[in-house]
Amino acid sequence: NLASRYGYIEGIDPVREVIKGARRLFPHLRLHHGTARTILDSSEFNPYDLILSSEVIEHVPISEKELFVNDLFDLLKPEGHVILTTPRGEAYNCWKKRTNFVDQPVEEWLTEDDLLHLFVEQGFQAIGNKRIYVDLPSMAYVSPSKKEQGDTDNFLALYQVWMFHRV
């Protein structure tokens, strides 16, 4: 919904109940039940300028991650972009140990290097990446000025945010 202020958007999720709930909350948005392949196989498909993928790839099985990224490539116009957020594989054990973490059916976090290589191998160029830090005792996001402290007992670089360009 937040992205809709920048232009036309569509959303997709493989869990039917998630889409039903999103349609109740955001009836003005075009939302699909399915996967990227559902969109690609649609007779109405038109490639996108930008794809936002937030908190998705860590729930894709390792054996299907390459196909997932290839589908993102195919969904984009030439010169299109992907902005992707996902937890950092480097932080998985700390996060699991320090929180009331509940695994999803698939919980396979990628390291920053693994994510970069996966996208480059599928024809993307990395434009840049950032880390998002959390204060573990409060579970609050930490302001950018605090991130220089790095991973400590109180701060963890939990998320990686990437922008990739289709080349």
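Tutor: Happy to. Let's begin at helix α1, where the cover over the buried residues includes strands β1 (10-13) and β2 (30-33). Please keep in mind that this is a predicted model. Helix α1 runs over residues 16-25, and its buried residues are Ile19, Gly21 and Ala22. Looking down the axis of α1, you find these buried residues within an arc of 165°, so they line one face of the helix. The other side of α1 carries Glu17 and Arg24, both exposed.

The protein has five helices and seven strands, and their order along the sequence is β-α-β-α-β-α-β-α-α-β-β-β. Its radius of gyration is 17 Å, close to the 15 Å that the globule rule gives for 167 residues, so the protein is as compact as a globular protein of that length. Along the principal axes, the C-alpha atoms fill a box of roughly 50 × 35 × 30 Å. Of the 167 residues, 38% count as buried. If you take the contacts with a separation of 6 or more, residues 24 or more positions apart account for 67% of them. The protein exposes about 10,200 Å², and carbon and sulfur atoms supply 53% of that area.

The buried residues here are Glu112, Leu115, Leu118 and Phe119. Seen down the axis of α5, they fall within an arc of 130°, so these residues also line one face of their helix. Asp113 and Glu121 are exposed on the other side of α5. Among the elements that cover the buried residues of α5 are α3 (62-75), β4 (76-87), β5 (124-135) and β7 (155-166). Just after the helix, glycine 123 takes a positive phi of about 100°.

Beyond its neighbours within four places in sequence, glutamate 112 is in contact with Arg88, Glu90, Asn129, Arg131, Gln160 and Trp162.

Phe119, another buried residue of α5, takes us into the interior. Nonpolar side chains tend to be buried together in soluble globular proteins. Here the largest nonpolar core has 23 residues, and Ile57, Leu72, Leu75, Val82, Phe119 and Phe124 touch the most other members. At least two residues of this core come from each of α2 (36-40), β3 (48-54), α3, β4, α5 and β7. Helix α3 gives the largest share of this core, five residues. There is also a second, separate core of nine residues, and its members include Ala91, Tyr92, Trp109 and Val134.

Helix α3 has 14 residues and reaches 21 Å from its first C-alpha to its last, close to the 20 Å expected at 1.5 Å a residue. Lys65, Phe68, Val69, Asp71, Leu72, Phe73 and Leu75 are buried in α3. These buried residues pack against α2, β3, β4, α5, β5 and β7. Take leucine 75 as an example: with neighbours within four places in sequence set aside, its contacts are Ala36, Ile39, Leu40, Phe45, Pro47, Tyr48 and Ile51.

Between the C-alpha atoms of tyrosine 92 and leucine 110, which are 18 residues apart along the chain, the separation is 9.1 Å.

Finally, two backbone angles may interest you. Glutamate 55, in the loop between β3 and α3, has a positive phi of about 60° although it is not a glycine. With a relative accessible area of 31%, glutamate 55 is partly exposed. Glutamate 79, in strand β4, has a phi near 75°, again positive in a residue other than glycine. Its relative accessible area is 52%, so glutamate 79 is exposed.

Terms used. Residues numbered from 1 in each chain as written. Predicted model: local features only at pLDDT ≥ 70, side-chain atom pairs only at ≥ 80, totals over all residues. Heavy atoms only, no water. Buried < 20%, exposed > 50% of the residue type's maximum accessible area, 1.4 Å probe, protein only. Helix = DSSP H or I, 4+ residues; strand = E, 2+ residues; numbered from the N terminus. Arc of directions from axis to C-beta. Contact = heavy atoms within 4.5 Å. Core = buried A, V, L, I, M, F, W, Y, C linked by side-chain atoms within 4.5 Å. Expected span 1.5 Å × (residues − 1). Rg over C-alpha atoms; globule rule 2.2 N^0.38 Å. Areas by Shrake-Rupley, 256 points an atom, 1.4 Å probe, with all protein chains shown as cover.
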